[in-house]
Structures are given as C-alpha cells and as structure tokens.
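Subject: Structure handover and findings

Dear colleague,

Please find the structure below, together with its sequence.

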Amino acid sequence: MRFSRGRRVSGVDVHQHLWGAPLRAALRARSAPPRLDGWTLHLDGEPPYEVDPHDHDVSLRAALVRADGLDLALVSLSSPLGAELLPPDEARPLLDAYHDGAAALPEPFRAWAAACVTEIDADALAKELDRGFVGLQLPANALLDATGYERCAPLLAVLEERGLPLFVHPGPAAKAEGPAWWAAVVPYVGQMHAAWYAFRAFGRPAFPRLRVCFALLSGLAPLHGERVMARGGGRGEIDRDAFVETSSYGPRATDAIVRALGVDVVLHGSDRPYAEPQELGLGEAARHAFRVANPYRLLNGEERTHAV
C-alpha cells in the first residue's frame, strides 16, 4: 500500500488516539472542561477519567502497532473532548496543539485533521491537509441533520475536491446519570446510528464523491436496513464509499455487518487506548480486506487487492 509519503504499508488501523505533548499542555492550561488536571480528564458529560500516561507514550504505542502485525495507525483527536464544538477562541488553541503534536508523530503513525464546527474555516483545514493529514475527522453530533451538513459543507467540499476521506467519530455525550460505561454504550452509539442515516439522507446527495468512514460500526445502524426498506428508504443499495470500522466490536457484530453491507466496506479499527483489537475469526480473506484492501480504497479512492 503506497501513500503520498512513499510509505509501503501492509496493514492499517484507522482509529487510534494518541495525545502529543502540545495537546496535553493545552488541556492542562484550561480551567473548564475539557481539561486535564495532572492525568485526570474532566469532561462535561462524563465522570472524571484517570488517564494512564503509558497510553500516550509514542514508543510503547508504536510497539503495539507492530505487535498487531500492522505498519500504519491513524490517530485522531478524541472528539468526545468537545474541542471542535467549543467557541472558536477556545477551540483554536486545542486544535492547533493537536495538529502540531500529531504532525510530529513518527512512523508508524499518521493522523486525521480536526476542525472547529462553531466557526467554519475551510482555509485552515486546507493548510492542515497540506501538512500531510490523511483526511478530516468530525464529531458525529455535528452531522446529525440537514443543518449540520449545510454548516460543515465548506469542510466537506475541501475533502471532496482533494479526494480525501471523512472520519465520523462520536462527539461529546450529554450529561446523564449512569455508570462509567454509559456514555460509550448509549449516547456514542446513538450518535453514530443517527449519523449513518443523516449521511444517507443529506450527506451523500450533497457530496456524491466523498468517501466516509463511520467509527464503531456506525452504532450497528446498517443492521436496520430491512426497516429502512420497509419504510420507503430504498431497496438496500450499498454505498461502496461509505465505510465502517470495527472498534469495540467482536465477531458477532462484525459478522452481522458483513452480512448487511458485504466485506468491501468494513475496516480494521481498534480505538486504542480505550479498547483493544479483537480477533474476528472471519477468515484470512476478510482479515486482508479489513486491514489492507479496504483501508487503501478509503484513503486513496483506488482498488488494491494485495499489499505492496
């Protein structure tokens, strides 16, 4: 697999998080969420989270990528932080810090760009893409309806013009009483379900050439295809440029998604350090598709059936 930097790749994890020193410093400089107090992360919608410093050690994380049998891991800003949804004067320092840290990461890492969605700046995105970011990640709760797509249209137009992909990731969770796992299992999944169908209804008609990947199997939204057909939402057509990645799910959910969408739009993603990749047990052909052929098509818009 060949990318613009000349790197030859045999396997990809499209979904990891790795906070560089600039982002950690920017979060510690804040007095309101999202902020870091030492290694304790404070968010508006979730209980305090104790971050393990080893999770953001570049050397240790690079060793894990190699141990997974991969040559490339794509890191992104953790959208549940809510940085993209802050007022512009608060968002920019965090986004700048993230980009500076991510751009400096060594192999085997590359990164998704991020963007403020309260004040759209397509020129700022273009400058970050010029630095070598593979595409743009946006929080799902910025793309849940027609209004969201209208607001973010200048950003998506930059991606479509350059032939680069969009990665849709859960955004901040609303405040709710519940155990520590609640946000990841309820609001995150709900956001991704809604984002899948919002893209179908509003995103694809506006951006017919845009390639997009939805985190965490898009909350299993594709499994509702029969209900969509029953309600007049189409005949079960497969959008080959709308991908899903497997983070936090195992063989049962992934097998069901393959039955709904086919093998050609499923990608390997781990969500490290918040989850570990699982052995899916779907055979070598599926493993190769998820880790090599499908990521190549997401990132490059071209077919590739073997590693190069």
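With which residue does Glu 128 form a salt bridge, and how far apart are the closest N and O atoms? The partner is Arg 131, and the closest N and O atoms of the two residues are 2.9 Å apart. Please note that the model is a predicted one, and that the distances discussed here should be read accordingly.

Salt bridges

A search of the whole structure returns 15 salt bridges. Arg 131 takes part in the bridge with Glu 128, and its side chain also meets that of Asp 100 in a salt bridge, at 3.2 Å from N to O. Asp 100 belongs to helix H3, whereas Arg 131 sits in the loop between helix H4 (122–130) and strand S7 (136–139), so this pair ties together parts that lie 31 residues apart in sequence.

The accessibilities around Arg 131 may also be of interest. Glu 128 has a relative accessible area of 11% and is therefore buried, the limit being under 20%. Arg 131 itself is partly exposed, at 37% relative accessibility, and Asp 100 is likewise classed as partly exposed, at 41%.

A further salt bridge joins the side chains of Asp 264 and Arg 240, with an N to O distance of 4.0 Å. Asp 264 is found in the loop between helix H9 (251–261) and strand S11 (266–267), and Arg 240 in the loop between helix H8 (225–230) and strand S10 (242–245); the pair therefore ties together parts 24 residues apart in sequence. Asp 264 is partly exposed, with 36% relative accessibility, and Arg 240 is partly exposed, with a relative accessible area of 38%.

Helix H1 (residues 21–28) and helix H3 (residues 88–103) meet at an angle of about 160°, and their axes are 7 Å apart. Because angles over 145 degrees count as roughly antiparallel, H1 and H3 are assigned to that class. The crossing of H1 past H3 is left-handed. On the H1 side, the contact is made by Pro 22, Leu 23, Ala 26 and Leu 27; on the H3 side, by Pro 93, Leu 94, Ala 97, Tyr 98 and Gly 101. Of the residues in this contact, 8 are nonpolar and 1 is polar, with no charged residue.

Yours sincerely

Technical notes:
Residues are numbered from 1 along each chain as its sequence is written. This is a predicted model: local features need pLDDT of at least 70, side-chain atom pairs count only at pLDDT 80 or more; totals for chains, interfaces and linings use all residues. Side-chain values use heavy atoms; hydrogens and water are left out. Axes are lines fitted to C-alpha atoms, for helices over the stretch in contact, and angles run from 0 to 180 degrees between N-to-C directions. Helices (H or I, at least four residues) and strands (E, at least two) are DSSP runs, numbered from the N terminus. Angles under 35 degrees count as roughly parallel, over 145 as roughly antiparallel, 65 to 115 as roughly perpendicular and the rest as oblique. A crossing is left-handed if the near helix is turned anticlockwise from the far one by less than a right angle, and right-handed if clockwise. Contact means heavy atoms within 4.5 Å. Ala, Val, Leu, Ile, Met, Phe, Trp, Tyr, Cys and Pro count as nonpolar, Asp, Glu, Lys and Arg as charged, and the others, Gly among them, as polar. Buried means under 20% relative accessible area, exposed over 50%, partly exposed in between (1.4 Å probe, protein chains only).
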